[in-house]
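Work through the two exercises below with the coordinates open, and check each step of the solutions against the model.

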Amino acid sequence: MDKTTTIAVLQSESEIMRAFPVMKQLRTHLDEKTFLGLVLEAKAKDRYNLVALMDDGEIVAVIGFKPMITLYYGRFVWVCDLVTDAKRRSKGYGEKLLQYVHGWAKEYNYESIALSSGLQKTDAHRFYEEKMNYDKVSYVFKTSLK
């Protein structure tokens, strides 16, 4: 990481809200109030971590992740959200944040990292498979209960 970029774990409500403009680019359905409420609840109940990469003090990329244990994956970290500001892509910011999560997972004795990515996000798939050496192992299915 060069001297102008830093990584910070976002803890306070004001720190979390600073990430909203970048996160909104990925989670377009969220408003500020819903975003803050979900992050705070996920942090309290689900061990969710929200981490930002800053360039000269400005948040340019954000990753949200949580440790999990399942019979299929064992002890692993699920990357819930990863987004780089649209004006700042292809500068290695996403890679730096994923490397941060890899280090966090190793430090806390988790065995792997998993994530899902929308079917239409072919650039992201290329990044995960070619740059980050992730394997495509499944489809994710979802249904609404409303």
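Two strands count as paired if DSSP finds at least two bridges between them, and the model to which this criterion is applied here is a predicted one.

**Exercise 1.** Determine how strand S3 is connected to S4 and in which sense the strands S2, S3 and S4 pair.

*Solution.* Begin with S2 and strand S3 (residues 58-70), which pair in the antiparallel sense over seven bridges; within this pairing, Met 54 has Ile 59 of S3 as its bridge partner. The hairpin of S2 and S3 has two residues between the strands, and in this hairpin Asp 56 takes a positive phi near 50 degrees. Continue to S3 and strand S4 (residues 74-84), which also pair in the antiparallel sense, over 10 bridges, with Ile 63 standing opposite Leu 82 in S4.

**Exercise 2.** Locate Asp 55 in the strands, decide whether Asp 55 is buried or exposed, and identify the side chain with which its own side chain makes a polar contact.

*Solution.* First, Asp 55 is placed in strand S2, which spans residues 49-55. Second, its relative accessible area is 12%, and because buried means under 20% relative accessible area, Asp 55 is classed as buried. Third, the side chain of Asp 55 makes a polar contact with the side chain of Tyr 93, at 2.6 Å. Finally, when residues up to four places away in sequence are not counted, Asp 55 touches Thr 4, Thr 5, Val 60, Arg 88 and Tyr 93.

Definitions and conventions
Residues numbered from 1 in each chain as written. Predicted model: local features only at pLDDT ≥ 70, side-chain atom pairs only at ≥ 80, totals over all residues. Heavy atoms only, no water. Helix = DSSP H or I, 4+ residues; strand = E, 2+ residues; numbered from the N terminus. Buried < 20%, exposed > 50% of the residue type's maximum accessible area, 1.4 Å probe, protein only. Polar contact = N/O pair within 3.5 Å; in protein donor to acceptor, adjacent residues only side chain to side chain. Contact = heavy atoms within 4.5 Å.
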